[in-house]
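Please read the points below beside the sequence and the model. They go from the overall division of the chain to its sheets and then to single elements.

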Amino acid sequence: MEDPWQEAYDFAVEVARGAGAVIRKAAESEIKVSTKSSTVDLVTKTDERVEKIIIGSLKEQFGEGTHCFIGEESVANGESCNLTDKPTWIIDPVDGTTNFVHGFPFVAVSIAFAVNKQLEFGVIYSCLEDKMYRARRGKGAFCDDEPLAVSDVADIHKSIIISEHGTDRSPEKVKKIFSTMQKILCIPVHGLRGSGTAATNMCLVASGAVEAFFEIGIHCWDIAAGAVIVKEAGGVLLDVDGGPFDLMSRRMVSANNETIARRIIKEIEIFDSERDDAPVQKKKK
Ligand SMILES: O=P(O)(O)OC(CO)CO
Ligand SMILES: [Mg+2]
């Protein structure tokens, strides 16, 4: 049977490539930085510009009425972040904005597509490395046309684990993040890493360079495309409490297999993070 979303998938790859070229060019000139939810939650004109380019191209191709859009900067500017059954694009125009601002060489464009709340495909363009990661549900994951496969390590002592620190620096949360990292480091694992972009971190899981990436406080646009790529590369996704992965929950463990995922989950100190789809009027800054 013909794949109803193949055209959208192919188009998303080209849109991501074009967006990445805009980011690469912008990285060569002076970058003006503003802040969002905290003084370390950075945004630039490039984030906003690239999101407009991506959503503009998708709307032109697929029409405004039938498809919905959840974009990091649109949500920051007050648009809703509800995932419905409608065909929905979930977009992070610049994942790794802090890296982009500092010239740290991992910056990704992340575009995912969901129908009936199921992720159909994900595209992550690591634009400074010029690597195109992509996956279509049921059809495998690829980096520049090379098939991706997660690592086969099942012994946590032989693993590299990724986590990040997030942009909420309230001392009690930072304490839990570091306590979790300390416990995992002392299992011991071979190492802890972090690229500064959730999208790239998930591509590292999918390509077998690391065994797992987990985080509390990320958003749906950081991980939606990566979720498809990890799954199609043979990996697993779980909630940090061991339950099923929930895209809107702002918490996730992605791993090469369930043994590694559940071993990490034993060490994670969970803290509150408001859901992406929490009612807007109740949302804290
Ligand atoms: O750079 P962004 O898009 O804010 O995303 C961060 C998450 O806070 C890295 O994944
Ligand atoms: Mg992001």
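1. The centres of domain 1 and domain 2, taken over C-alpha atoms, are separated by 20 Å. The domain assignment of the protein chain places domain 1 at 6-147 and domain 2 at 156-265, the bounds coming from an automatic or database domain assignment.

2. This is a predicted model, in which local features need pLDDT of at least 70 and side-chain atom pairs count only at pLDDT 80 or more, while totals for chains, interfaces and linings use all residues. Residues are numbered from 1 along each chain as its sequence is written, and chains are lettered from A and ligands numbered from 1 in the order in which they are written.

3. Between the domains, 34 residues of domain 1 are in contact with 26 residues of domain 2, contact being counted if the C-beta atoms of two residues, placed from the backbone, lie within 7 Å. Among the elements that give two or more residues to the side of domain 1 that touches domain 2 are E3, E4, helix H4 (97-102) and E5; the largest share of that side, 6 residues, comes from E6. Helices (H or I, at least four residues) and strands (E, at least two) are DSSP runs, numbered from the N terminus.

4. An open sheet of 7 strands has the order E3-E4-E5-E6-E7-E8-E9, with mixed pairing; two strands pair if DSSP finds at least two bridges between them. Its edge strands are E3 and strand E9 (146-147), each of which pairs on one side only. Helix H6 (residues 198-206) packs on this sheet, touching E4, E5, E6, E7 and E8, and its direction makes about 100° with that of E6; such angles run from 0 to 180 degrees between N-to-C directions, the axes being lines fitted to C-alpha atoms, for helices over the stretch in contact. Helix H1 (residues 6-26) lies across E4, E5, E6 and E7, and runs at about 155° to E5.

5. Within that sheet, strand E4 (residues 88-95) is mostly covered, with 8 of its 8 residues buried. A residue is buried if 20 or more other C-beta atoms lie within 10 Å of its own, exposed if 12 or fewer, and partly exposed in between, with C-beta atoms placed from the backbone. Strand E3 (residues 68-71) is joined to E4 by 4 bridges and runs parallel to E4, whereas 6 bridges join E4 to strand E5 (residues 108-115) in an antiparallel arrangement. Ile-90 of E4 stands opposite Ile-70 and has Ala-112 as its bridge partner in E5.

6. A second open sheet to examine has 5 strands in the order E11-E10-E12-E14-E13, again with mixed pairing. Strand E11 (191-193) and strand E13 (236-238) stand at the edges with a single partner strand each, so one side of each is left without a neighbour in the sheet. From one strand to the next the twist averages 20°. Strand E10 (residues 160-163) and strand E12 (residues 212-216) run parallel and are joined by 3 bridges, with Ile-162 opposite Phe-213 in E12.

7. Helix H7 (residues 220-232) has 13 residues, and 13 of its 13 residues are buried. The helix bends by about 30° at Gly-226, the bend being the angle between axes fitted to the seven residues ending there and the seven starting there. Just after H7, Gly-234 takes a positive phi of about 100°.

How values were computed
Expected span 1.5 Å × (residues − 1).
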